[in-house]
Amino acid sequence: MSTVPVAGGPRDVVVVERSPFTRMAFINLAARLPAGLFLHDSLDKALPTLGGTRPAMLFLARQVLLEASAPSLQDLVGAMAQGRTRCVVLVARGEPADAGGRMALAVDGYLSVPAPGHLLLAAALGESIQDDGFRPGTARAAPVVTPTPFAAAVSMPRTLPAVAPPVDVRPAGPRTLTPVPFPAPVDPAAQAADLRRHRLMQLDLDRLDHFAVLGVPMSAGRREVLSAYLALVRCFHPDLAAALRDSRLAAEVRAVYRRVTDAWTVLGNDAHRADYARRLSAGAPGGRAAAI
Amino acid sequence: MGPVVGIDLGTSRSSVAWSSRGLCVAIPDDEGRVDHPSVVHYPAGGPAVAGHDAVPFLIDAPAHTVFAAKRLIGRAWVDPEVRAAVGARPYRVVKGDGNYPLISLHGGTVAPSAVSADVLRHLRALAERRLGVPVRRAVVAVPANFNDAQREATRVAAWQAGLEVLRLVNEPTAAALSIAPPLPDGTFLIYDFGGGTFDVTVLERSADVFRVIATGGDMALGGDDMDRAMAERIRQQFLEEHGVDLRETPSTWATLLHACERAKIALAVHDEMPVRLNHVGRRGGVPLHLSVSVTRAWLAHTVAPLVQRSLAVTREVLRAAGLAAPALDGVVMVGGTSQVPAVRAAVAAELGRPPVPGVHPTAAVALGAAALAEQVAGGAGRAGLLLDVVPQPLGLAAPDGGVVPLFARNTPVPAHAEAVVGTTRDGQRALSLSVVQGESPRAVDNVELGHLLVADLPMGAAGQVRVQVCAEMDQDGMLHVAAVDLQTGRVHGAFTRTLTGMTEAEMDALRTRARSA
């Protein structure tokens, strides 16, 4: 149990995804978060715990989020632990952090909310920023903000915590925001592996064959299969999802982990693997139901 | 939420530990001892006494002082281990309603799991006193070779003690987490010889992942068998020389067992130890005293058959792992019994690999469980990611008396399996499927974990009406079973465990109560 004091009960971190890798980074972050801090992957899930109402400040929030300079995660967590802020909304990207397949969360911008009453943010915020047309390897179009009728009636909280940089609340209006540059991939192979891992969470895993689940060719040697399996274990082991308050996401992680273990159960055993490969080559379905 | 502790609920001794930011500490009692005897004394009135305070009652009130409840927990009345305990224990083991053993005390009975619950309650109280806050959650270690029923009974015991079990972890795997300096990357054999159980696990560490390759054990082999072998030999000798049977008086026998245990432990350091008991009987009106001296060589000779049994298991597990002894990077010796010089010498001779340093001889398992507890609870400490396996094969009892396999031994968990079962008679409307766990190809020789009743089947010819059984074994080694009627697609989820007579939903309710207690 962590001894980081968190004053005044649990606090929440909301991560708004900005890249396909965020999900992985999200799980890694959850595993490192001090006790008392909880992660949500969208505002929707944070709202009930914060006692917030259905929000209407999409436009303004979006500007603030994108223009705030990125603080370090430590600063944010520190501010939360000291009880100066109740909820942090991060706009974040996942980035490959090390060779072990871990992902780091890079924060593009954030909004801190001192009290639930200030949480008048759009639940739609998540989808709005998430779906900005960005795909890795493609040129990224600058997001265009459209004014909303609610914009005029809105003002930002005056009591931002000390760690927050000064926020310039400009009058609402159509304008183009500076895109946040996505860092060039360090290692294309590693990035491809991470992308595959992320896709694992979205694909129909039950139908994918065991080789595809582990991301190895049918000719892969035993060591290669084992290291692919261990890399996935490091992403999806349920202990890593232990800090997730979001039970749906935790269940998702467990389901992927089960499927990964299934694939290893067959491919990690030479006799089972040979038998399975033979059946697969003969055109048999190779999904989860393909028993040993 | 409060802290989460790691608990090693041993046959003869238990430990509780706590971890903060990766720093694990075993929790001592007021005298600084970290291994707490798994002994519970039940006075005629008043609360149970557990731990060190209960030890004197082994001699004072042997009929009402329960030890080694772990050897009975989750086992059926017909189990050989239970049969062996009946009559051999100073307390009375009787048959309960559900074909499970109970312990008869003061005219009433208690279940073995209730005794374990009293041990756990004691550990919990110690932890609460040390930490100064309520303790409601724990990671509990169990022998790797425990079957589903034994794990279930352990969980029930924890709930009765007011502890929510966040994870059941296998003892050898937990021990691997607690070694300091940490295990290097490589393949290791964990030789875990405790007070009442023996486990062998081969695992491979690569960075933060601990992957179990194979596991096996003897659930009826422990250090207390050594104490009994020693006491038995002394008794024989005394009987021949003086014509007095030391077993006749329960308190004398208990004292002798205790003295043998002390001598066994001391012989790890010394070459020779005296075993002395005063007033063990009378002959011709003269009081008789027992005074013998036991040596290391005498001990080695006495326990040799038990050590050989452990080596046979070790060889078998290495074979199952597909490894030869030279492929091992080291041997981790865990548990008090593994400190016996004869055991260490035999293991070194058998495997030819050096023992890994830095293993706490008695608290290793609790410390590892504590490290895992912190990780599972989302704390700052990282113990490592554990990948464990199914300890014993599991399947469905077939109509011909055989077993339809679901899980092979050493299948990585979480595992899932499916089997299709058909009716055996025309117009059969219900199927009762029995789930068994054990090595035997004959269903009746294995342990029945529970049964699944599939009712309201459609009419059809024999074998035409089929049911798909889906089984899942989770990370804790616990089983979940459901059946799908292949004709209607209806799911039958009522898997009733033989041990508790409860369905999964009822167990969940119990767990929820433990959580909110």
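In this predicted model, strand β24 (residues 447-454) of chain B pairs with β28(B) in the antiparallel sense over three bridges. Strands here are DSSP runs of E with at least two residues, helices are runs of H or I with at least four residues, and both are numbered from the N terminus; two strands count as paired if DSSP finds at least two bridges between them. Within this pair, Leu452(B) has Phe495(B) of β28(B) as its bridge partner. Both strands belong to an open sheet of five strands, ordered β21-β20-β23-β24-β28 (chain B), with antiparallel pairing. The edges are held by β21 (403-407) and β28 (495-497) of chain B; each has a single partner strand, so one side of each is left without a neighbour in the sheet. On average, neighbouring strands of this sheet are turned by 30° against each other, direction ignored; axes are lines fitted to C-alpha atoms, for helices over the stretch in contact, and angles run from 0 to 180 degrees between N-to-C directions.

Residues are numbered from 1 along each chain as its sequence is written, while chains are lettered from A and ligands numbered from 1 in the order in which they are written. Local features need pLDDT of at least 70 and side-chain atom pairs count only at pLDDT 80 or more, whereas totals for chains, interfaces and linings use all residues.

A second open sheet of five strands runs in the order β18-β13-β14-β15-β19 (chain B), and its pairing is mixed. At its edges stand β18 (330-334) and β19 (385-387) of chain B, each with a single partner strand, so one side of each lacks a neighbour in the sheet. The pairing of β15(B) with β19(B) is parallel and spans three bridges, and Arg211(B) has Leu387(B) of β19(B) as its bridge partner. Helix α9 (residues 341-351) of chain B packs on this sheet, where it touches β13 and β18 of chain B, and its direction makes about 160° with that of β18(B). Contact means that the C-beta atoms of two residues, placed from the backbone, lie within 7 Å.

Turning to the helices, two packed helices are described by the angle between their axes and the distance between the axes. Helix α6 (residues 223-242) of chain B packs against helix α7 (residues 250-266) of chain B at an angle of about 115°, with the axes 9 Å apart. That makes α6(B) roughly perpendicular to α7(B); angles under 35 degrees count as roughly parallel, over 145 as roughly antiparallel, 65 to 115 as roughly perpendicular and the rest as oblique. The crossing of α6(B) and α7(B) is right-handed, meaning that the near helix is turned clockwise from the far one by less than a right angle, with anticlockwise being left-handed. Residues making this contact include Met226(B) and Ile234(B) of α6(B) and Leu256(B) and Lys264(B) of α7(B). By class, the contact of α6(B) with α7(B) has seven nonpolar, no polar and four charged residues; Ala, Val, Leu, Ile, Met, Phe, Trp, Tyr, Cys and Pro count as nonpolar, Asp, Glu, Lys and Arg as charged, and the others, Gly among them, as polar.

Helix α6(B) also packs with helix α8 (residues 296-320) of chain B, at an angle of about 130° and with the axes 9 Å apart. That makes α6(B) oblique to α8(B), and their crossing is right-handed. Among the contact residues are Met226(B) and Met230(B) of α6(B), and Leu299(B) and Leu306(B) of α8(B). This contact has six nonpolar, one polar and two charged residues.

Another cis peptide bond joins Val413(B) and Pro414(B), with Pro414(B) in the loop between β21 and β22 (415-422).

As for confidence, chain B averages a pLDDT (the predictor's confidence in each residue, from 0 to 100) of 90, and 99% of its residues score at least 70. Chain A averages 55, with 24% of the residues at 70 or above. Over residues 1-10 of chain A the pLDDT is below 50, and this stretch has 28 contacts in the model beyond near neighbours in sequence. The model scores ipTM 0.87 and pTM 0.76.
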